[in-house]
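Please keep the sequence and the structure open while reading.

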Amino acid sequence: MTDLSGSPAGALRLSAALTFGGSGLDRAAHMRGDPAALAAAWAHPGARVLPLWRDKPLVTGSPVDGLGWLAVDQPGLTEAGPPIFLGLDAGAAPRFAVDLSGWTPEVPPEGPLDGFLDQSEQVHPLFPGDTRFAELRACMTRLSARDAELAATARALTGWHARHGFCAKCGAASLPAQAGWQRDCPACGAHHFPRTDPVVIMLVTRGNAVLMGRSPGWPEKMYSLLAGFVEPGETLEAAVRREVFEEAGVRVGRVDYIVSQPWPFPASLMMACRGEALSAEITIDPAEIEEARWVSREEMVEAHLGTHPEITAARPGAVARYVVERWLADETGAAPVPLQV
């Protein structure tokens, strides 16, 4: 944690890590096309499997203290789809993921659904008693860097397989290949690969204020940085300028890259950039966002301390929270990677 006592942020403390920020996982891509190596990995005494049910990973602990890794011969896994090889953990221990969405809980899912976050949890009767399936958004900040990277990878890949079962070229059913990192079409021979959608998220500043917005359906008072998908044939800096102007009517000049974050909901790569606003007037596109406003540093500190009457901060672990906190600490300008203006 970084103490900001004596700074404009006062008592605000910064989280040191960015969830899904990477852990140096050995993905061992050379093994994906080697059936003998994969069979040996599956048979390794340290091999473990992470099941996911309808995008929810198995977790353990109360409150959550990690992913619910299971032995490969765990009862209840026979209903799962083909294993996906995630890589090698510490000590070269193989890690796999499986989709268990075909399993039906004996008791229907319960728990409040607020339209933004699925808070229900599901318990498999054959799995260890302290495990359950839980929404990754709700527990991501409680995971270690390694578990967070593995969970993000597993969720993105199982979700991709669930939504891309047919060949985009000829329409025939495709088959998993390369240990889950590819799908092949037996009809036309086409190969398909997991998609990652590039998204820019913008720390747009003007003087002592940052541009914040909220989307329809968000929890009351929640604001975040503006963001949008990068279009085909578009650079990151062009996407920043276009998205900010489309959503808020604000013109942006210089753009610098800050940091990136995989965001497996379902499969995006968030690329945080800092932009200098050339205009102040806000004209929102109601089809894009519900509201946008300039928020001063002092107001943003209140929001992050939970004392602002109208604004709450972005969720912990998200790149928006990470970047705004570092803006409050004057850290976002430290050796940025410049993008061509």
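Two strands are said to pair if DSSP finds at least two bridges between them, and the elements themselves are DSSP runs numbered from the N terminus, with helices (H or I) of at least four residues and strands (E) of at least two. The model is predicted, so that local features need pLDDT of at least 70 and side-chain atom pairs count only at pLDDT 80 or more, while totals for chains, interfaces and linings use all residues. Residues are numbered from 1 along each chain as its sequence is written, and side-chain values use heavy atoms, with hydrogens and water left out.

The hairpin has three residues between the strands, and in it G91 takes a positive phi near 75°. A residue is called buried under 20% relative accessible area, exposed over 50% and partly exposed in between, with a 1.4 Å probe and protein chains only. Six of the six residues of β7 are buried, so this strand is largely enclosed by the rest of the structure.

Rings of Phe, Tyr and Trp (its six-membered ring) pair if their centres lie within 6.5 Å, and the planes count as stacked when under 30 degrees apart, as edge-to-face when over 60 and as tilted for the rest. By this rule the model has nine aromatic pairs. One of them is formed by F85 and F96, a tilted pair with 5.5 Å from centre to centre and 55° between the planes. The pair links distant parts of the chain, since F85 belongs to strand β7 (residues 84–89) and F96 to strand β8 (residues 93–99), eleven residues apart. How accessible is F85? F85 is buried, with a relative accessible area of 1%, and F96 also counts as buried, at 4% relative accessibility.

A further tilted pair is that of W103 and F133, with 5.9 Å between the centres and 40° between the planes.

**Charges over rings**

**Helix α6**

Ten of the ten residues of helix α6 (residues 319–328) are buried, so the helix is largely enclosed by the rest of the structure. Among these buried residues are R321, E325 and R326, as well as W327. The helix is followed by D330, whose phi is positive, near 60°.

**Pockets and the cavity**

On a 1 Å grid over the protein atoms alone, a cavity is a set of points where a 1.4 Å probe fits but cannot get out, a pocket is an open set with protein on both sides within 12 Å along at least five of seven lines, and lining residues have an atom within 4 Å of a point. Grid points are joined across faces, edges and corners, and a volume is the space filled by probe spheres set on the points. For the classes of lining residues, Ala, Val, Leu, Ile, Met, Phe, Trp, Tyr, Cys and Pro count as nonpolar, Asp, Glu, Lys and Arg as charged, and the others, Gly among them, as polar.

| Space | Volume | Lining by class |
|---|---|---|
| Largest pocket | about 700 Å³ | 18 nonpolar, six polar, six charged residues |
| Second largest pocket | about 320 Å³ | twelve nonpolar, four polar, three charged residues |
| Largest cavity | about 40 Å³ | seven nonpolar, two polar, one charged residue |

The largest pocket is lined by 30 residues, of which S215, W218, A227, W263 and M270 lie nearest its centre. Among the elements that give two or more residues to this lining are α4 (236–248), β16 (252–263) and α6, while the largest share, six residues, comes from β15.

The second largest pocket has 19 lining residues, with A152, T153, A156, T196 and P262 nearest its centre. Helix α3 gives the most to this lining, with six residues.

The structure holds one cavity of 30 Å³ or more. Residues lining the largest cavity include Y223, H304, A320, R321 and V324, and the largest share of its lining, three residues, comes from α6.
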